[in-house]
Amino acid sequence: MKKHLLIGLFLLGLFIYPIKAISGNTPEELYENLQKRLASGWNTWDTRSVLTHVFLPYGFAVDLNMMDTDGSRVRKFRIGDRVKGAPLLQPGPHSFDGAYTQMTIDWRGYKLQVESAAMGLKNVILIRPLTETKKGGRLVVIPESLWKRGNTLSVDSLGFTLASRDKVVEIKTSIEGKLLEKKGREFILSLDTPVAICCGENVGLDDAIAFINNRARDFINSNQKQFGANYDCYNAMQSVLAWDNIYDPGIRRVITPVNRIWSSEWFASEDFGGFTLFCWDTYFASMMLAVGNKELAYANAVEITKAITERGFVPNCFYSNNFKSRDRSQPPVGSLAVWTIYKQYQEKWFLELLYKELLTWNRWWSRNREDGGLLCLGSNPYEKVTYFRSEFDTDCHYGAVLESGLDNSPMYDGVPFNKQKHLLEQHDVGMSSLYIMDCDYLALIAEELGYKKDVIEFRKRAEYYRNNLAGLWDGKTGFYYNRSTRDLKFNYRTSPTCFFKMHII
């Protein structure tokens, strides 16, 4: 018996030692390494156009434009673009790592399918006209060095070479297709026949097509094997998220904004692009990403949490150029997202990295949004930081309603805004319920991390609001309703948020 115990302790020591060596890295260092792994390889990283294929971390890029016979040209391709004359894009499959992408384009009657397949330094971009397309269209292929990274670019008659300044990485690119014209570094090709852009390896058109098809088959088979009967649902979700996945050079982070149009219009620049993160949108996206990609789930949960304002709350929105909605937050679903992701991957450093901000945010709600024992929506004044137009929509009814995450909900029509308290004069069923949920999940997180005093604090706070929430029950109708803080009369507008109480019993 003693012999077996000693052997067991010896083997346990062998396992414990490397774990300690690994855990010597701080949560911050582990996250930095995760971001570096994410920001690598070929992908549709540039927020300004989904047809710009970028190689990270160097910022090599192959940008695709389209031209009509009259010389008209489209340079930006954005899903859902409503600008008059913008191309219509139908996004297809997109792996998170850029191994395979597919997009269908319709612009002025020119219809084509654009696919890409990547492996290491190699990336093949295949553009094929669809059968119903108009003739005479032109494709413009432009090699780029993005974000002022100081790369070198050389162009010849058959292609181009992108290289880092120290020549450690060099990617030669050839173009297969009907070349019509070459202007400087722009290659103009006919869209009447297929075009293959072969980065990192010189291959013919047939081999390029075979490589694309093989990568597409591998991608589809892998997802079908992993998700089985849920493949179609997962494939749709992955495509939406992956096409929104970008790298922002300003914050040097991989993130998944709400969409590319918002990101490239709000505080965007010609040189760097831009991004827009919304609070609970990003948390929900992180939970969706967690189904198939741990790193992206972590990245989005971390970036929106670390966007916490100077006053101690995660803002409703966070844009490039450091604009944040410093007057208001959004529903506190961060602990739900973080705990859900943690339960899937069981990496405690992830909890440790975000705990302080989640704790601060939770305390902010009770100190700044409580009125009469329950939470109300609010919007506070603050000294302007960026002088962006949204900084003038603060300390008002509109700003407070935006805190709900339900911007146009009629629940808040006609509800007075109290300028002294900076609050809507209405107890909110949904926000109060979500706050109780936040306390409950933070108690689980604190317990997991061994913060016993915090566990007591969260459970006590949850119980306080849970008891007060009973006052929003209307016995006559058998339903929970928002209630005026002036006269305690119910607001009988019905919303899904009226059901939220049922989830925190």
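Keep in mind that the model is predicted.

Let's start with helix 8, residues 334-345. It has 12 residues. From first C-alpha to last, helix 8 reaches 17 Å, close to the 16 Å expected at 1.5 Å a residue.

Which residues of helix 8 are buried? They are G334, S335, L336, A337, V338, W339, I341 and Y342. These buried residues pack against four partners: helix 6 (279-289), helix 7 (294-305), helix 9 (348-368) and helix 11 (429-449). Just after helix 8 comes Q346, with a positive phi of about 55 degrees.

Two of those partners lead us on. Take helix 11. Helix 11 packs with helix 12, residues 452-469, at an angle of about 160 degrees. Their axes are 8 Å apart. An angle over 145 degrees counts as roughly antiparallel, so helix 11 is roughly antiparallel to helix 12. The crossing is left-handed. On the helix 11 side, the contact includes Y435, I436 and C439. On the helix 12 side, F458, R459 and Y465 are among the residues involved. By class, this contact has 12 nonpolar, two polar and six charged residues.

Now helix 9. Helix 2, residues 27-38, packs with helix 9 at about 110 degrees, and the axes are 9 Å apart. These two helices are therefore roughly perpendicular to each other. Helix 2 brings P27, E28, L30, Y31 and L34 to the contact. Helix 9 brings W349, E352 and L353. How many charged residues does the contact of helix 2 with helix 9 have? Two, alongside six nonpolar and no polar residues.

Methods
Residues numbered from 1 in each chain as written. Predicted model: local features only at pLDDT ≥ 70, side-chain atom pairs only at ≥ 80, totals over all residues. Heavy atoms only, no water. Expected span 1.5 Å × (residues − 1). Buried < 20%, exposed > 50% of the residue type's maximum accessible area, 1.4 Å probe, protein only. Contact = heavy atoms within 4.5 Å. Axes fitted to C-alpha atoms, helices over the stretch in contact; angles between N-to-C directions. Parallel < 35°, antiparallel > 145°, perpendicular 65-115°, else oblique. Left-handed = near helix turned anticlockwise from the far one by under 90°. Nonpolar A, V, L, I, M, F, W, Y, C, P; charged D, E, K, R; others polar.
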